[in-house]
Structure formats: structure tokens, C-alpha cells
Amino acid sequence: MKKTERIFTPIESLKHLHSMFAPRGDMAVFRYPSGKEYLSISYADFSHRVLAEAAGLAAAGLAGKRIAVIGETSADWVATYLAVVMGGGVIIPMDKELAISEIEGFLAGVDAEAIVYSGDFHAKFANARASHKSLKTFIPMTLKEDAEADARGVLPMEKLREQGEKALEEGYALPDRDSESLAVMLFTSGTTGTSKCVMLCEKNICSCVNAACATVNFSPADTTMSVLPLHHTYELAIMLASLTYGFTVCINDSLRHLMRNLANYQPTGLVLVPLFVNTMYKKIWDEVRKKGKEKLLRRTVALSNRLRKVGIDLRGTLFKSVVGAFGGRLSKIICGGAPLNPEMVKGFDDFGIQICEGYGITECSPLISVTPYYAPKAGSVGPAVPCCEARISPTGNQNDKGFEEGEIQVKGDNVMLGYYNNPEENAKAFTEDGWYRTGDVGYMDEDGYIYITGRMKSVIVLENGKNVFPEEIEEYLGNIEEIAEAVVVGRKEADSDTVNLTAIVYPNKDLFPEGCESEEIRKAIYAKLLELNKKLPSFKKIKDLELRDTEFEKTTSRKIKRHLVK
């Protein structure tokens, strides 16, 4: 694929981004389901909604305050994020899947003064309205008819915007703010069992948005569908990049409706985590098997690949029905958030859908690197994006490819201000010369492409001193069709220092007859593990297999909570 011209205007601030909206007029910025219908809001109307909310917050005495937002992905959620930051405040995106007690605790810990929320949360915040340490103003985006609109501290969004309209008539104007002042507070997802509050400034956010626009093969002609939760900095950065490009973002209201919404929206691009990619790929082949056409599809893929080698690309015709399941226009997927099996990249490419893998971490706003769409390398997450540099900490350890392997460290405009009220973790997070320590292990090739081999916190140390990164083996397990999900752990033998690598597996039950006994499923998967072991070095061989009856517990960004796997 050839490199294409990047058509976008780099943003200097979110206020600058907002200034681009109104000139786009009636073009739809968001499409979203409403009952059985699909509605939309134009860029011009959305621009005014954001401005009215910023003015309303100022009229309510909340300009410059710390304000949380929680709820499903919506135009109102994005409007609140922009309005708070543009108005000089600090936005605190919250995970809607957390227990209310956790949410209240987090917000008390950062002295949040107000919270904007979708209507379903109104009843859940009854105790907080009565006794929360810091929250004084509760702003429901919508209210059910029987809800108490006049309860103490409640300011419905409709009334807030009415106040904002009056303030605009009286001359309210957005303030200027220091691009390096605190603008966003984010709680890390806690896949390792801990959660820290990351502090970001507008410079962090805008540098990341501009880097995404400069490196990802989207254009104003694209249409995407938002699938991941918006409180997650990965989805949020791509959302802001989408608004910078100026195309339409379609909102998926539920994972249950994913396929229906894909068919309706017909997106050209998706932003996903590996779990979705793996599920989509397995669904393709499961459906083909049910129709008895697996051999035919494999022969067609082989024929297509031979034709491509001589410059004939018929994927659009040959695999029209496959792509049709995703709306018919899907041509690219950006994947990040967790390690992606390289086989998925090839598998989707066979059907004419390019996957570019990105790498990031909340503390880096979050983008660190992305695979160039015009020059991909199998297994790599690409070179560092324009707003930062990456390096490998010197260890003196060379891997079998001849490259030094160590911790990936980052320096640049995307790196956080630090953790809130956490000097101990801040000291650990940075090297003496100011580089952020990601905690991820990998190497860089001669072209600066980054390859991630594991996570320092999840490393399994064997009795012979060898280090095994479970993520690497889990990639291989992801290629086994009978496995839906897998986590590799180290189990110590009783009264011994011997550590056995054990695969804990949730089977792909669609591939087994209904009522199939667990022992039969175990035998089938164990046979595949023995085949895999033949390809692995002796110290990486899987010794034991354990089956699960349920899926692994995950964060809302669909990462397995590894610390809960026992």
C-alpha cells in the first residue's frame, strides 16, 4: 500500500478543535441508535451544544473545577469532556462498570466537585447526593419522568444549557488556558489489581491526537463505529482524532447489537482491542464451517494470494460475503490495548481488511507507536509516533534475533504530568534522566520498529533462572481454534522449586458437540498443546492444562484481569 497524504489540521488545544466544528455545518458528527431508529447530530449543532454547556458550567460556578463524567458513549458524553476542558476545568472520565462505592471513593480522593452522568445513574447516586465528601453538584444528561429533578444539588443538563444560553447572550467567551496545566485525570484500569490516577494536560492530549492523525490511514471520507468504552484513553484519543479529521462517528450502543449496527452503519474503519478481532475472525470461520464451506474458503484464499503475487487483487469480489458481515465497506482496523496475534493481521488481510497494530499506555495519553499502514512489519507495533521518542533500557541481553531486549521507555509531549498525590509511584515511574518506564519489555530493530515481548509484572521466573513472558505463549494458544481464551501461569510443584507452565483455558464451545464431556474437550485441547510444544524451546513448553467453565473476568476495555486468575 502506498503512503497517502494526511488531510487534517493539527490542533493546538481543544478550543482550537472546537473552532473546526461549526464550519462543517450539517455534516453528521455522530450517528446513534434511538429505539428502533438511528438518529444523528450535525457538527454545527454539536458545536453549539458544547459551547452552551461550557457557558452553563461557568454560570453555575463550576468553571475551572474538577468534574467527572460517566455513562454510555454518546454525543453528550463527548460534549461534556470538551466543555469542561475548554472552560478551564479538569475532566475525570469514569468507568461505568465500577461499583458505585468505588466511583464515590475515587472521586472523593481527587476532590471532584461535580459529576455529569447518563440518566440510569441518577438513582445510584442518591447516597452520594446526601453525604459525599466532595461532590456538590449532580448533572444528569437526561432524567426519567419520575426522577427528582429538584433534589438538593441536582442540576439537569437541560437547565444547565439554558443557563449557558443566557450566559452566551451576555457575552460569555471561552477562556484561554495554559496547555501544560492539569486538564484530565484518569484512573488506570487496574488489570494488575491496583489503580493510580494519571494526570494529563492539553499538550499531552493534543500531541497524541495529532500523532494519531499523522500516522493512521483515515481521512475525512471515512466512517467509523465507536465500540470501546469512552472513559478508556485509547478510545478517547481516537474519538478526538476522528473529530479532528472531520468524519462521522457511529455509536454502538451494545455488544449484543454489534453485528446489527455494523450492517446499518457500514463503517470503513474500526478501532478495536485484540479480543474483538479474535472473536470476529473466529466467527467468520465458525459460520463457514456451519455451512460446510470451510475447504472452499481456504482454497479461495490460497487462489487469491497467488493472484496477488502477480498483481491481481480480487479480494473485493471473492470475499464480498465475508466483508458483508461487517457492513460491506470495512477496509481497516486499528488494534491496540493488548498484544495482538500476528496471525490475525494476515488472516484479515487475506479478506481485504488491513489491521494496523498500535501500542500505548494511559500514562502516555496513550499513543506511543503504531504500525505504518504503508510499511508494516509482522509482529511489530511500529516505530514511535511523531510526538515522542522510545528507547530500550540497556541490559546487555541480546535476544535470538541479535537485538538488545529490555524495558521500553518513552520521552515526549505525550508523557503524563505524573500520578496524583503519589510521590512514591512517581519516583518509580521515571528514570534518572527523565524517561517514562512503561513496564513493558521488548526490543527495537534497525529501523526503530518496536516489538513487545512481555510485561515485567507478569514474567514467570523458572527454577533455572529463565524468564518466560506468558503473553508470548498466549499468542500461540490464540491460534488454536478450540481455545476461546487462555492465560498462562506458573504453578509450583508441592515441596519443590519446580515451576510448571500451565495453560488455563476457556474452550471455544461452538466447536464441540452439545453435551460434550469436559474430559473429551480437555483431551482434544491437550492434543493441540502437545503439537504446539514441539515448536517451542524446552523451557517454554506447557506442562499442564486447566479448563474453565466461564470466560475470564475482564476490564471494560476487554483486557483479562490477570491478577484475578488463580
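## Nonpolar cores

The largest nonpolar core has 118 residues, of which Leu14, Phe30, Phe46, Tyr81, Leu82 and Ile333 touch the most other members. A nonpolar core is here a set of buried Ala, Val, Leu, Ile, Met, Phe, Trp, Tyr and Cys residues joined through side-chain atoms within 4.5 Å. Helix α3, residues 75–86, gives the most to this core, with ten residues. Tyr81 touches Leu14, Ile91, Pro93, Val184, Ile205, Leu236 and Leu240, residues up to four places away in sequence not being counted; such a contact means heavy atoms within 4.5 Å. A second, separate core comprises 23 residues, including Met94, Leu107, Phe138 and Met185.

## Basis of the values

The model is predicted: local features need pLDDT of at least 70, side-chain atom pairs count only at pLDDT 80 or more, and totals for chains, interfaces and linings use all residues. Residues are numbered from 1 along each chain as its sequence is written, and side-chain values use heavy atoms, with hydrogens and water left out.

Helices (H or I, at least four residues) and strands (E, at least two) are DSSP runs, numbered from the N terminus. Buried means under 20% relative accessible area, exposed over 50%, and partly exposed in between, with a 1.4 Å probe and protein chains only.

## Surface residues

A nonpolar surface patch is formed by Val310, Ile312, Leu314 and Leu318, which together have about 320 Å² of accessible area. Accessible areas come from the Shrake-Rupley method with a 1.4 Å probe, and for residues only the protein chains shown count as cover. Patches take residues with over 30% relative accessible area and no salt bridge, like charges being joined within 9 Å and nonpolar side chains (Val, Leu, Ile, Met, Phe, Trp, Tyr) within 5 Å. A salt bridge is a side-chain nitrogen of Lys or Arg within 4 Å of a carboxyl oxygen of Asp or Glu. Leu314 is located in the loop between α11 (294–309) and α12 (315–318) and is partly exposed, at a relative accessible area of 37%.

Ala173 belongs to the loop between α6 (157–169) and β7 (182–187) and is exposed, with a relative accessible area of 55%. Ala173 and Ala55 are separated by 118 residues in sequence, but by 7.8 Å in space from C-alpha to C-alpha.

## Buried lysines

Lys554 is located in the segment after β24 (544–547) and counts as buried at 13% relative accessibility. The side chain of Lys554 makes a polar contact with the side chain of Glu551 at 3.0 Å and also reaches the backbone oxygen of Phe552 at 3.0 Å. A polar contact is a pair of N or O atoms within 3.5 Å; within protein, one must be able to donate a hydrogen and the other to accept it, and residues adjacent in sequence count only if both atoms are side-chain atoms. Beyond four places in sequence, Lys554 touches Leu275, Glu485, Lys559, Ile560 and Lys561.

Lys540 is found in the loop between α17 (518–533) and β24 and is buried, with a relative accessible area of 15%. Glu472, Ile473 and Leu501 are touched by Lys540, not counting residues up to four places away in sequence.

## Backbone geometry

The peptide bond from Ser365 to Pro366 is cis, with omega near 0°. Pro366 lies in the loop between β13 (354–360) and β14 (367–370).

Asp111, a residue other than glycine, has a positive phi near 60°; Asp111 lies in the loop between α4 (100–109) and β5 (114–117) and is partly exposed at 36% relative accessibility. Asn421 has a positive phi near 50°. Asn421 occupies the loop between β17 (418–419) and α15 (423–429) and counts as exposed at 63% relative accessibility.
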